[in-house]
Amino acid sequence: MTALTVPARPEEDDTRLRPVPWRRMAGVTWRQHRYALLGVVTLLGAVAVYLWIAGLQLHRAYAAAIACHPARSPACQDLVNTFNGMGTFLANGSILQALPALIGAFVGAPVLARELETGTYRYAWTQGFGRWRWTLGKLVPLAVAVTAATAAFGALLSWYYQPYLATPGHQALGLSQTSAFNGGLFDLREVAFPAWTLAAFAIGALAGMLIRRVVPAIVATLAVYAGLAVTAGLFLREHYLTPLLTTNLTVPGSAWILSQWWTKGGTTLSQSTIQQVMDPVMQRLLPAVPPDQVHLYKLPTILNAEQYLTQHGYTYWTRYQPGSRFWPFQWIEGGWLLALSALLIAATIWLVRRRAT
Amino acid sequence: MNMNVVEASGLGKRYGGTWALRECTLAIPAGHVAALVGPNGAGKTTLLNLAVGLAEPSAGAVTVLGGRPAGSPAALDGIAFVAQDTPLYKNLSVADMLHVTRNLNRRFDQPYAQARLAELGIPLNRRAGKLSGGQQAQLALTLALARRPRLLLLDEPVAMLDPVARHDFMALMLTAAVDDGVSVLLSSHVLTELERVADYLILLSRGRVQVAGEVDDLLASHRVLTGPAAEVDRYAGRPVVHAGRAEVQAHLLVQATADDPVPPGWTARTASLEELALAYLRQPGAAALHGPGRDRGTEKSEVTR
């Protein structure tokens, strides 16, 4: 510009311009997202009440079943069957897997997508608070809120599933048991459950910023979340720590068995080869019982057959993660999900900061 | 206040392969109600978005309030922007909108906002989305003014309003400009309203600044000449902005002052702002730039017949 232009000289109060304090965002965020947060609390609260009532019954049935003597009596088998028949639709945990995804998608995706879709970003991003600070001031409290709520809920879930988690000595009773590493249950525990919710929220926030429309952003969040959860459960989790190898035939029920195979003289035997060896042994060991009761003797019989084979030059290998690694695995999963979420939220803020309309 | 509230140099914005705004150089001094006029797609919204930092320039630079980079915290602190269609959080109550705006800014004049809303008959407990279009616009303007800005930017504020709401909106804006010394830059394609409110005019056409200057200067340097249609060609060498011919009479808007001689058989009179704006809008090649930062003597005057 030429001489007539007045040089930049901000007034004195502006040179010491203090940003609007962070705490002021709390009320703003609450007013704009209270319905989403109340929705989360209502959803989790309703499921929690159900789990509490069902869980008390489940724990009672479990206690009755393991306290029963003598264990093989028909009366005790009835108690075992009662326990096994309870809450079967929840037993593998797959239904509750949807909760983190839904919470993340419905709270996270609209934060930016709604502003961009309705045009209110032109209001929000031109206020004195500043747009990247506004984004951070919204995403962080919301992330903390959903994480805290689901952490409390995760503790309840862990309590609910306690009877299913393998307890040494109770396996033989025929109670429904599962490893704590079970794909459906591992995600629902104290650390993993809030961590997955946080990740879903962060995915939602970024998807909302990229897609700029609420409904497509929610759909994209659910799709990305499902892909990530399946990938983690099927391919990543078993590699968190190097699996252990054992030739011991009895691996504790709490362990997560990754693979098992037979060798003889250093060569791995195929499934069909070992079946050909195993069948005659089984025929010989299997007592003549009616077919409908075979299951009662199945485990000991198979063990006998395996013991027979190991005494004859065969080796049975098991690759597994021991039950003692449950907590390290929870924290490893929680750790990388937290890092991923922080990265996604940082990317969202970076996009807001540099976004050109 | 001796500073430029908006200053652009070589400013350009490209979306894909098309320039929404290009080579925009202007300096709007403080203390004006400046009107940003141009047909749809001329780049008005783009220029305002660049000035508030909602868009990043593809070329050049823009500053506000005496050199503060557009979109910087210092800039956003001193300006208030009411975007096109006055975006509000539709599911928040009016009181919540006040709360949100108060908490997002260092200054917020709550008593002023409440008094203004009471005057306008806008209930605090009503949801913003349930207000009429005029009330929504008034609420957006009230929120902007309660921030006590030094520069108010309005993008097509009255386009959607009926005449009464339009009048009320302009009255509120003018009161703030006159009483509180707020500088205003408003874009509009409604020319009739501007005559009453604007004392500075920026005409945008096809992404370029065509006219910029104080309304008084512009009116003083343009005349409407009326004379026999047959003699229009006598003005071949003169800076004619636009020529309108009827059967016998021709109307010419020319760049001339009251002191310039009027040819025999012709009458001269002052142009209205609307006439002037329309004449330039019809001749996108013509230009008249009177802004500070430009030397009158060397100003570029592309003249078209």
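**Ground rules.** I number residues from 1 along each chain as its sequence is written, and I letter chains from A and number ligands from 1 in the order in which they are written. Since the model is predicted, local features need pLDDT of at least 70 and side-chain atom pairs count only at pLDDT 80 or more, while totals for chains, interfaces and linings use all residues.

**Entry 1: domains of chain A.** I looked up how chain A is divided, and found domain 1 (37–239 + 325–354) and domain 2 (244–290 + 297–323). These bounds come from an automatic or database domain assignment. Over C-alpha atoms, the centres of the two domains are 36 Å apart. Ten residues of domain 1 and nine residues of domain 2 make the contact, where contact means C-beta atoms, placed from the backbone, within 7 Å. On the domain 1 side I noted five nonpolar, three polar and two charged residues. Here Ala, Val, Leu, Ile, Met, Phe, Trp, Tyr, Cys and Pro count as nonpolar, Asp, Glu, Lys and Arg as charged, and the others, Gly among them, as polar.

**Entry 2: a sheet in chain A.** Next I followed an open sheet of four strands, in the order β1-β4-β2-β3 with antiparallel pairing. The edges are β1 and β3 (267–268), each with a single partner strand, so one side of each has no neighbour in the sheet. Strands are DSSP runs of E, at least two residues, and helices are runs of H or I, at least four, numbered from the N terminus; two strands pair if DSSP finds at least two bridges between them. Strand β4 (residues 314–321) is joined to β1 (residues 244–246) by three bridges, and to β2 (residues 256–264) by eight bridges. Thr318(A) in β4(A) is the bridge partner of Thr246(A) and also of Gln260(A). Trp256(A) stands opposite Gln321(A) in β4(A).

**Entry 3: Gln307(A).** I found Gln307(A) in helix α12 (residues 294–310) of chain A. Is Gln307(A) buried or partly exposed? It counts as partly exposed, because it has 15 C-beta neighbours inside 10 Å. The cut-offs are 20 or more other C-beta atoms within 10 Å for buried, 12 or fewer for exposed, and partly exposed in between, with C-beta atoms placed from the backbone. Gln307(A) and Leu249(A) are 58 residues apart in sequence, yet 7.7 Å apart in space, C-alpha to C-alpha.

**Entry 4: chain B overall.** I listed nine helices and 15 strands in chain B. Its radius of gyration is 21 Å, close to the 19 Å that the globule rule gives for 305 residues, so chain B is as compact as a globular protein of that length. The radius is taken over C-alpha atoms, and the rule is 2.2 Å times the number of residues to the power 0.38. Buried residues make up 50% of the 305 residues.

**Entry 5: strand β11 of chain B.** Five of the seven residues of β11 (residues 222–228) are buried, so this strand is largely enclosed by the rest of the structure. β11(B) pairs antiparallel with β13 (residues 249–255) over seven bridges, and Gly227(B) has Ala250(B) as its bridge partner there. Four bridges join β11(B) to β14 (residues 267–270), again antiparallel, with Arg223(B) opposite Thr270(B).

**Entry 6: the core.** Which residues have the most contacts inside the largest nonpolar core? They are Leu201(B) and Ile202(B), in a core of 173 residues. Such a core is a set of buried Ala, Val, Leu, Ile, Met, Phe, Trp, Tyr and Cys residues joined through C-beta atoms within 7 Å.

Methods: Two residues are in contact if their C-beta atoms, placed from the backbone, lie within 7 Å.
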